[in-house]
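Student: Please take me through one part of this model closely. I would like the answer to start with a single chain and then go on to how chains meet.

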2 protein chains.
Amino acid sequence: MAEYSTSALNKVVRGPKRASYDVGTINTILDDAFLCHVGYVYKNQAIVIPMAYARKDDKIYLHGSLKNRMMLSLLEAGEASISVTHLDGLVLARSAFHHSANYRSVNVFGKVKKVEDPEEKMKALEYILNHMVPGHWDNVRQPNEKEFKGTLVLEINIETASAKIRAEGVNDEPGDLDLPIWAGVIPIKQVAFDAISDDDLQKDIKVPNAVLNYVTNNKK
Amino acid sequence: MAEYSTSALNKVVRGPKRASYDVGTINTILDDAFLCHVGYVYKNQAIVIPMAYARKDDKIYLHGSLKNRMMLSLLEAGEASISVTHLDGLVLARSAFHHSANYRSVNVFGKVKKVEDPEEKMKALEYILNHMVPGHWDNVRQPNEKEFKGTLVLEINIETASAKIRAEGVNDEPGDLDLPIWAGVIPIKQVAFDAISDDDLQKDIKVPNAVLNYVTNNKK
């Protein structure tokens, strides 16, 4: 199975047993999330911004305004790093020290370029919308020239990445197991609720299947 | 009401109508989340790591291993920035361009120091655990000397911060309202499920009230 090679940039040092460099594992974690957190350097300081994104093969796409400071900084730097995290549970141990969380997280590192080719750029916008709600791009009015030209699309070509996953119960010290203290896991999940239609809809407009499917697949 | 002053670091440029510098608003967003994303600079690149944290007054506390590269980098830099984001909904417009998300996000900037005073350090660990599940610190075995000495606690003294909030319906172009296209919002929420007790619990150990309350307050 394909794996990313490790370097000082992506090698997981703390908790290496929970690390994975498997491309399939990493892609699944990326595809399951809506938001990523992008880091950029501004006056020698790292600033973190939440963003929508999409993945297609080994590329991550971001979009925003032509004047978006974070995106312009990434372009100038030529490199970007994003973090995607799912929180899956709170791990409550007998000891304060062994409290933890169940999670799936990915860090991606890659070269950044502006997507200039119009066909490629329109495809990237389609990927981003369909990453939000699969298949919904075909239901909506697509960008007109002004909107299209006013949007900056960046491509991050994934050069290396790592995943870190914790998916287990409590790991207490053996000597603590006799304590009269409760321990366990609270499962956590991000869920979707039934879509609320806009008040100004035209008559007889039904919720599209793409939206209904999204809600069904993300319900409790 | 108290507000953070704005500078190039925290001023929200894109979508300023959605910005807030109100201390109360910012604290509520910080207190409602479990995970933050911390940025740090490694070899001129911004790397983003998900972390547990706590807020107390105008301070954010992080903890980790003594050798945690991210925490040691923050200490060396002397400054840190964290991002906290709640995803509240997917905003599906008639046009691809006006797709958006409802969210509450905060960026915090401040000076970093290592918490050295043992009393202060123990308090910080209590804040972090109680930020996970309010009131649960008193139910568990507190850190022994080895665990305590093996933990690095950082304090970020919040110097400035900003919130960005979107909490509304679809904003389509007026000319698009006549289109026979569905639009609406899919509400999204992070929810907790009933705690799963550890298999090795001693007899007659009940789920503590702090845990029951957390689940009740975070259920669908």
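Tutor: Happy to! Of the 220 residues in chain A, 52% count as buried; that word means under 20% relative accessible area, while exposed means over 50% and partly exposed lies in between (1.4 Å probe, protein chains only). Keep in mind that this is a predicted model, where local features need pLDDT of at least 70 and side-chain atom pairs count only at pLDDT 80 or more, whereas totals for chains, interfaces and linings use all residues. As for bookkeeping, residues are numbered from 1 along each chain as its sequence is written, chains are lettered from A and ligands numbered from 1 in the order in which they are written, and side-chain values use heavy atoms, with hydrogens and water left out.

Chain A contains five helices and 10 strands. Helices (H or I, at least four residues) and strands (E, at least two) are DSSP runs, numbered from the N terminus. Along the principal axes, the C-alpha atoms of chain A fill a box of roughly 70 × 45 × 40 Å. Among the contacts in chain A with a separation of 6 or more, 70% come from residues 24 or more positions apart; a contact means heavy atoms within 4.5 Å.

An automatic or database domain assignment provides the domain bounds: chain A is divided into domain 1 (16-188) and domain 2 (190-220). Where they meet, six residues of domain 1 of chain A are in contact with four residues of domain 2 of chain A. Between them these domains bury about 390 Å², 71% of it on carbon and sulfur atoms. Buried area here is the accessible area (1.4 Å probe) that two parts lose on being put together, summed over both. Zero salt bridges are found across this domain interface, where a salt bridge is a side-chain nitrogen of Lys or Arg within 4 Å of a carboxyl oxygen of Asp or Glu.

Now for the meeting of the two chains. Chain B is superposed on chain A by a rotation of 180° with 0.0 Å of shift along its axis (RMSD 0.0 Å). The two copies are thus related as by a two-fold rotation axis. The superposition is by least squares on the C-alpha atoms of residues with pLDDT of at least 70 in both copies. Within chain B, the residue that comes closest to the axis is B:Gln190, with its C-alpha at 2.0 Å. Because 100% of the interface residues of chain B are also interface residues in chain A, the copies meet through the same surface.

How big is that interface? The size of an interface is often given as the accessible area lost when the parts come together. Chain B and chain A bury about 7,600 Å² between them, and carbon and sulfur atoms give 65% of this. On the chain B side, B:Arg141, B:Trp182 and B:Lys220 lose the most area to chain A, together 10% of what that side buries. Counted by residues, 91 of chain B are in contact with 91 of chain A.

Four salt bridges are counted between chain B and chain A. In one salt bridge, A:Arg141 pairs with B:Asp176, their closest N and O atoms being 2.7 Å apart.

Let's finish inside H5 of chain B (residues 209-217), which holds B:Ala210. With a relative accessible area of 13%, B:Ala210 is buried. B:Ala210 touches B:Val133, B:Pro134, B:Gly135, B:His136 and B:Asn139, leaving out residues up to four places away in sequence. B:His136 is 74 residues from B:Ala210 along the chain, yet their C-alpha atoms are separated by 5.6 Å.
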